[in-house]
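Please view the sequence and structure below before reading on.

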2 protein chains.
Amino acid sequence: MKRYVLVYLSVFLAFIAMMWLIVLRGEQLVKHTTAEISKSADQGMWVQLKYNLEHPLSKLLLQIIVILVVARLVGVLAKRSGLPSVVGEMFAGIILGPSLFGWLLPEASAYVFTKGSLQPLQFLSQIGLILFMFVIGMELDIRKVQHRAKAAVVISHASIVFPYFLGMLLAYFLYQEFAATRTSFLSFALFMGIAMSITAFPVLARILQERKLTQTPLGSLAITCAAADDVTAWCILAVVIAIVKAGGLIGAVTSILLAAVFVFLMLFPVRRWVAKSVDYLSAKYPNGQPVVALSFFVLLTSAWLAEIIGIHALFGAFIAGVIMPQNALFKETLTNKVEDLSVLLLLPVFFAFTGLRTEIGLLTEGHYWWTCILITLVAVIGKFGGSFLAARWVGQDWKDSLSIGILMNTRGLMELIVLNIGYDLGILSPEIFAMLVIMAILTTVMTGPLMDLVEFTFRRRNSTKAEAAG
Amino acid sequence: MKRYVLVYLSVFLAFIAMMWLIVLRGEQLVKHTTAEISKSADQGMWVQLKYNLEHPLSKLLLQIIVILVVARLVGVLAKRSGLPSVVGEMFAGIILGPSLFGWLLPEASAYVFTKGSLQPLQFLSQIGLILFMFVIGMELDIRKVQHRAKAAVVISHASIVFPYFLGMLLAYFLYQEFAATRTSFLSFALFMGIAMSITAFPVLARILQERKLTQTPLGSLAITCAAADDVTAWCILAVVIAIVKAGGLIGAVTSILLAAVFVFLMLFPVRRWVAKSVDYLSAKYPNGQPVVALSFFVLLTSAWLAEIIGIHALFGAFIAGVIMPQNALFKETLTNKVEDLSVLLLLPVFFAFTGLRTEIGLLTEGHYWWTCILITLVAVIGKFGGSFLAARWVGQDWKDSLSIGILMNTRGLMELIVLNIGYDLGILSPEIFAMLVIMAILTTVMTGPLMDLVEFTFRRRNSTKAEAAG
């Protein structure tokens with residue numbers, strides 16, 4: 001053993017010595033170039049650390065870390081106060097933006113979220129949304145919508161048409177002061193309409209789950225309405241984007257026609273082809289990698305085509321999710337692989353990115369705040385009123401109609417996605433963007449307490465009735 | 001029913017009519033701005049499609065789609081020809097770069113991989129590598145290395161020291177012609193040394209798996225050596241990067257000291273804290289999301305700190321993987337969530353990114369090719385020779401010693417990662433980068449056939465012996 005160690009060490013040292021010699025000889029070599037070899041003076045630790053801190057990759061990592069920590073903290077706080085954690089994450093975004101972090105600590109904020117360094121963050125947030133919309137599409141089971149067609153479709157349509165109308169009416173009064181400078185009235189009005197009519201399918205699903213309502217008639221009706229809403233609203237949004245981008249009649253019509261062809265191809269031939277290929281591949285490779293690769297390919301291609309046609313990549317991702325085979329095991333595997341990474345890592349990035357754009361500080365004058373309140377009121381009256389009346393009309397009782405109205409009024413994450421699209425298209429000015437973000441948060445926050453109120457009122461009334469009867 | 005439909009339709013139409021009126025009235029509104037409202041003339045379909053195609057997001061999606069398809073096709077082809085699919089993906093990268101795609105179809109290539117549009121792709125590939133190194137770190141079980149210490153450590157050290165020495169010697173002859181213009185000899189030599197001594201732990205693991213050798217004494221010795229190699233080589237690399245970046249003695253020493261403190265903190269207090277937190281969180285939240293969030297947090301913070309200290313983010317990601325608790329279920333859940341996305345979606349992006357930098361077309365003159373052959377020979381002699389001799393010395397028989405030499409000679413993906421770091425640090429010129437990439441691919445491709453050869457020779461010899469004995 002001792003001999004081993006001795007031989008080992010001496011060989012080792014001999015090599016080190018030889019390497020040392022090579023370096024000594026090599027340092028005397030002259031390079032045949034005019035450029036001087038960078039023999040910067042010893043920079044000292046601080047200069048070097050500062051340099052490393054400014055490297056784009058470390059900047060991006062720092063941004064993600066700050067976002068994750070704040071999102072998690074505020075999310076936990078929100079949950080403790082009885083709000084759904086998504087509300088916490090929406091708040092976290094606002095907190096990180098110029099409205100709070102940038103206002104309290106302008107230097108630290110400018111350091112972490114330097115203006116020029118936000119592009120990688122934006123790409124990450126977009127890829128996160130693409131994955132997220134894909135999961136949303138997968139969770140949506142079209143057959144369920146078809147089953148309980150009448151009630152759901154009527155409620156869903158009413159809960160879109162009515163707020164859409166109110167949104168356009170509101171646009172008439174807000175256009176001159178609040179639309180972005182180069183927007184036509186048509187674009188602005190179409191967009192305000194859509195901003196009023198969005199329902200947050202995922203947030204709604206989570207609220208129903210937390211209240212253990214998913215399996216009740218009310219829960220399944222609400223989830224079906226929200227699903228129908230989602231599909232309808234995203235189709236309308238695709239049309240609106242096509243109209244806005246095309247800037248003219250022929251362009252818009254071609255975009256819409258192309259979009260229709262695209263949706264048709266996805267829903268029929270591509271869907272069948274994907275189903276067959278998934279069956280074939282999962283039988284052949286049980287470990288599942290080729291199936292996952294195929295799904296990514298369909299997702300990316302669909303998103304790309306949708307973006308090219310002029311109806312946003314997110315719509316393509318959503319459709320790709322919708323056409324994935326209904327096979328439960330397959331969906332679970334895929335969701336499992338994609339959901340955590342997108343929900344835990346990338347959605348907070350999206351919220352933060354939204355927050356960085358939301359400048360509540362712009363709303364300095366009183367009448368801005370009145371406008372903000374007006375917008376929120378119109379949003380609530382439109383969405384809550386529309387779905388409540390329709391639910392009554394198709395024969396739901398008072399309690400369920402009220403509950404459906406309240407649930408459909410939840411804007412949540414989906415609204416933020418739509419608002420960002422409007423901002424990117426140059427339709428919404430920073431002021432109205434901030435107001436609409438506040439509206440989205442308020443309508444999401446109010447859902448829980450309002451549901452409690454309805455529950456409480458009807459429980460009391462029922463028990464009073466029961467007492468009177470007894 | 002009929003009444004329903006009539007009422008429904010008339011209400012619906014009434015709303016549409018009102019919206020139409022709003023638009024007609026609204027179009028006459030005048031905005032109080034000097035900027036003209038963009039009423040671009042009808043652009044026509046083609047102009048619009050072209051515009052959408054140039055959008056950064058659609059560019060990125062197109063790049064990823066092209067990369068995935070080519071990687072998959074070449075990967076399948078490689079598998080059919082009996083090569084490990086990672087070799088196919090390495091080839092796919094080269095094919096997409098200027099060496100083939102850019103040479104055959106310069107316009108299409110310039111269109112898909114426009115120079116200015118590569119930054120998002122680079123960030124994606126770096127995030128993919130961070131996730132990948134994290135998984136590699138998790139798969140590595142330090143306790144195993146400790147168990148079979150003697151043989152593995154001796155082989156592993158020999159298989160690093162010997163090729164490292166040869167690499168530095170080679171650097172002495174290549175420095176004047178091939179080092180990037182502003183590199184000092186020390187940096188270049190240290191880097192050539194590391195480039196010669198890398199072993200591809202993941203590729204090696206996959207090759208052993210495909211040949212069903214993982215459970216044999218040879219397989220477990222080889223995998224342990226490769227793991228020890230990985231840890232050692234990445235530590236040396238961290239030191240080399242610190243020296244290169246610091247550009248002076250004091251800076252380098254501080255970096256190395258900081259790195260040592262960082263590794264110590266990660267291996268002891270942080271490791272214990274993570275283990276406790278994971279136990280606590282998995283008991284409290286069985287669905288696992290907080291645990292995954294915690295792991296992401298540790299991973300990102302570790303990568304960020306490593307980058308700040310001046311020893312690459314990838315080293316931080318690797319260490320973060322190493323300190324994750326050994327709990328099998330936890331590791332499986334986490335690997336499951338991260339691996340497919342990184343291996344299927346992001347690693348091909350990294351390979352393509354490497355390929356885009358590899359300009360085999362630069363090697364125009366004959367003596368470049370001779371140099372390339374020389375580099376490959378030195379690499380093989382160093383790594384194969386070093387580990388073969390050490391294996392013989394610690395008492396392995398001829399067959400196993402040869403096999404270990406061949407296996408350790410596999411460079412694979414790890415080498416490409418190291419080469420890219422060298423390129424980014426401005427140490428390797430494009431010419432020597434291309435040569436080293438070729439060397440990495442050749443040493444990876446030769447592993448399979450050489451293993452077959454050893455197997456074949458010894459089987460024949462054994463059967464001859466058996467015949468002679470019989």
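**How the two chains meet**

The copies meet through the same surface, because 100% of the interface residues of chain B are also interface residues in chain A. The model is predicted: local features need pLDDT of at least 70, side-chain atom pairs count only at pLDDT 80 or more, and totals for chains, interfaces and linings use all residues. Residues are numbered from 1 along each chain as its sequence is written, while chains are lettered from A and ligands numbered from 1 in the order in which they are written.

**Interface**
- In contact with 84 residues of chain A are 84 residues of chain B (C-beta atoms, placed from the backbone, within 7 Å).
- On the side of chain B that touches chain A, helix 14 (residues 289-309) of chain B gives the most, with 11 residues (helices are DSSP runs of H or I, at least four residues, numbered from the N terminus).

**Symmetry**
- Chain B is superposed on chain A by a rotation of 180° with 0.0 Å of shift along its axis, at RMSD 0.0 Å (least squares on C-alpha atoms of residues with pLDDT of at least 70 in both).
- This is the relation of a two-fold axis.
- Lys337(B) has the C-alpha nearest the axis in chain B, 2.4 Å from it.

**A helix pair in chain A**
- Helix 10 (residues 185-197) of chain A and helix 19 (residues 412-424) of chain A have axes that come within 9 Å and cross at roughly 165° (lines fitted to C-alpha atoms over the stretch in contact, with angles from 0 to 180 degrees between N-to-C directions).
- Helix 10 of chain A is therefore roughly antiparallel to helix 19 of chain A (an angle over 145 degrees).
- The contact involves Phe191(A), Ile194(A) and Ala195(A) of helix 10 of chain A, and Glu415(A), Val418(A), Leu419(A) and Gly422(A) of helix 19 of chain A.

How values were computed. Two residues are in contact if their C-beta atoms, placed from the backbone, lie within 7 Å. Helices (H or I, at least four residues) and strands (E, at least two) are DSSP runs, numbered from the N terminus. Angles under 35 degrees count as roughly parallel, over 145 as roughly antiparallel, 65 to 115 as roughly perpendicular and the rest as oblique.
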